[in-house]
Amino acid sequence: MTAAHLGGHAALVENLYGRGLLDETWRTVWDAVPRAPFIPRLAWRQTPTTCEPLTTEADRLALIYSDEPVVIQLDDGEPDGPGIATSSNSQPSMVARMLRLLSVEDGHRVLEIGTASGYVAALLSRRLGDSAVFSVEVDPGLAHHAVAVLRAMGYRPNLACSDGEWGWPDQAPFDRILATCALRTIPHALVQQLHPDGILVAPMARDFWSGAVVRLTADGTGTAAGRFQGGASYMPMRSHRAPTPLPVDTKTCRTTTAAVDPRELLTLGFALYAGTRLPRVRMVHANRDGDTVQVWLQDEDGCAATAVTGEDAYEYGARNLWQEVERAHEEYVALGSPEARDFGLTVTARGQQVWLHHPERIIEPAPVREPAM
C-alpha cells in the first residue's frame, strides 16, 4: 500500500500527477471525481492467495486512497462461492495509464467495455460530457450499482447491461474504445465499431501471457493494428475466461534436463513470444525460497511440464512441453530478447496475428512435437 492513502483522495491524485501519469487536464478531472463513493460497502482487498473483506471504515478508506485495486465482487455475485474475485475498481495508476493511452480529445465519443463500479465512466463523463460516453456491463447487479452511484454523483452517461464482446453497434461508430476487463482475443466487432483512425485500448490475458495492454488504431477497412504497451493485470471478460484443461496423467511423468532457468521465462517479452509460438499453453509460476522459482506449464489436452530453479524438469502427456518451451526461449534469445513494446498485434475479420517490430514480421505457431516412442 502506498503512502498516498494518508492524505486521502487529493494525495492520491497528486501521487499520480507526480509520476507523470496525469497531464493537467486529467489532473483536474481526477481531482473532481473522488473514488470512494463508487466503492460498495462490501469490498475486499486482493492478496496473493485470497480476498480479505474490509471490515472497518479505516481499512476501507486506506485501501481506496492507495494505489491499489479494490475488489467489489466475488464469484460473479453468487453466494457461498469459493471467494474468487470477479470484478474490481482497478488500480488507479493503471486506470490513469490506460486513459493516457486512449488519447481522448474534446468531441470524441468513447465506448467503455466493463462499467463495474462506474468510476471510469465518471472520469470520462467529467472529461468529455455525459452524452459522449457509452459504457456496457454484463453483470446486472454491478450495472444497477453503477447507475445508482453515477446518478447520485451527477453523471448520466449512456449505460447498458450487455456483453461487451459485442460492443454497442446501435451507437457506433466511436472515436475511442476502452476495455476495462482482460480479453483473450480482440473481438472484431469492436474494430468494426471504430471510426477510421479510431483507437482501441485493451488489456489482454492469453494463456502464456502474464497480461499486457495493447493499443490499436483502426484503418477504416475492418483492420486495426498497434503495439503492446507493457504489462497489466485485469480480470477476464466473462465470455473470454480460459477453459478448464483436461486432467494431467501423472503416470506419464518423465524427467528431462532443464537447460533454461525458469526465472528466464518470466519476462513479458518472452511471454508474448512464447504465447504466440505455443498457443493454448498456459504458464503459472511461484516464488519459492530466495531466488528459486517454479513454473508449471499445461495445455488444454492435459499435457504438462514443471521445473524448479537448479533442478531437472518433469514432463507429462503426449508432448515434450518443457523442451518446446526451451526451444521457444532459444529462438527468443536469438532474436535479441525483444521487449514487450517490440511486439504488436493486427486484428482483421479473419482473426489476429502477433508480430515483431513491424506488421509484416508475423510470428507463427510452432509445430507440436510428440515424444519419440
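This is a tutorial dialogue on how to read several features of a predicted model.

User: Let us begin with the inside of the protein. Which residues of the largest nonpolar core touch the most other members?

Analyst: A nonpolar core is a set of buried residues of nonpolar kinds that are joined through side-chain atoms within 4.5 Å. In this predicted model, the largest such core has 55 residues, and those that touch the most other members are Ile 113, Ile 186, Phe 208, Phe 228, Leu 297, Phe 343 and Leu 345. Helix α8, which covers residues 268-277, gives the most to this core, with six residues. Apart from this core lies another one, of 38 residues, and Leu 16, Val 120, Ala 132 and Ala 232 are among them.

User: What does Leu 297 touch, if residues up to four places away in sequence are not counted?

Analyst: With those sequence neighbours left out, Leu 297 has contacts that include Phe 208, Val 281, Met 283, Cys 303, Leu 321 and Trp 322, and Arg 282 is also one of the residues it touches.

User: Now to helices. Which residues of helix α2 are buried?

Analyst: The general idea is that an α-helix has 3.6 residues a turn, so residues three or four places apart point the same way. In helix α2, made of residues 24-32, the buried residues are Trp 26, Val 29 and Trp 30. Seen down the axis of α2, these buried residues fall within an arc of 95°, so they line one face of the helix. The buried residues of α2 pack against α1 (8-18), α4 (92-102) and α5 (119-128).

User: How many of the residues of α4 are buried?

Analyst: Ten of the eleven residues of α4 are buried, so this helix is largely enclosed by the rest of the structure. The buried residues of α4 include Pro 92, Met 94, Arg 97 and Leu 102. Just after α4 comes Ser 103, which takes a positive phi of about 55°.

User: Turning to sheets, what is the order of the strands in the open sheet of nine strands?

Analyst: The order is β7-β6-β5-β8-β9-β10-β11-β17-β18, and the pairing in this open sheet is mixed. β7 (158-161) and β18 (351-356) stand at the edges with a single partner strand each, so one side of each is left without a neighbour in the sheet. On average, neighbouring strands of this sheet are turned by 20° against each other, with direction ignored.

User: How is strand β9 joined to β8, parallel or antiparallel?

Analyst: Strand β8 (residues 174-179) and β9 run parallel and are joined by four bridges, with Ile 177 standing opposite Leu 200 in β9. With strand β10 (residues 212-218), by contrast, β9 pairs in the antiparallel sense over six bridges, and the bridge partner of Pro 203 in β10 is Val 213. Strand β9, residues 194-204, is mostly covered, since eight of its eleven residues are buried.

User: Where does Thr 348 lie, and what stands opposite Thr 348 in β18?

Analyst: Thr 348 lies in strand β17, which spans residues 343-348 and pairs with β18 in the antiparallel sense over six bridges. The residue opposite Thr 348 in β18 is Gly 351. Buried means under 20% relative accessible area, and Thr 348, at 16% relative accessibility, therefore counts as buried. The side chain of Thr 348 reaches the backbone nitrogen of Arg 350 at 3.1 Å. Leaving aside residues up to four places away in sequence, Thr 348 touches His 188, Gly 222 and Thr 223.

User: What do β15 and β16 form?

Analyst: β15 and β16 form a hairpin with four residues between them, and Gly 310 in the turn has a positive phi of about 80°. Strand β15 (residues 304-308) and β16 run antiparallel and are joined by four bridges, with Ala 304 opposite Tyr 316 in β16. Strand β16, residues 313-316, also pairs with strand β12 (residues 254-256) in the antiparallel sense, over three bridges, and there Thr 256 stands opposite Ala 313.

User: Lastly, where is the place of Pro 245?

Analyst: Pro 245 is found in the loop between β11 (224-231) and β12. Not counting residues up to four places away in sequence, Pro 245 touches Arg 282, Gln 298, Asp 299 and Glu 300.

Notes
Residues numbered from 1 in each chain as written. Predicted model: local features only at pLDDT ≥ 70, side-chain atom pairs only at ≥ 80, totals over all residues. Heavy atoms only, no water. Buried < 20%, exposed > 50% of the residue type's maximum accessible area, 1.4 Å probe, protein only. Helix = DSSP H or I, 4+ residues; strand = E, 2+ residues; numbered from the N terminus. Contact = heavy atoms within 4.5 Å. Pairing = 2+ DSSP bridges. Axes fitted to C-alpha atoms, helices over the stretch in contact; angles between N-to-C directions. Arc of directions from axis to C-beta. Polar contact = N/O pair within 3.5 Å; in protein donor to acceptor, adjacent residues only side chain to side chain.
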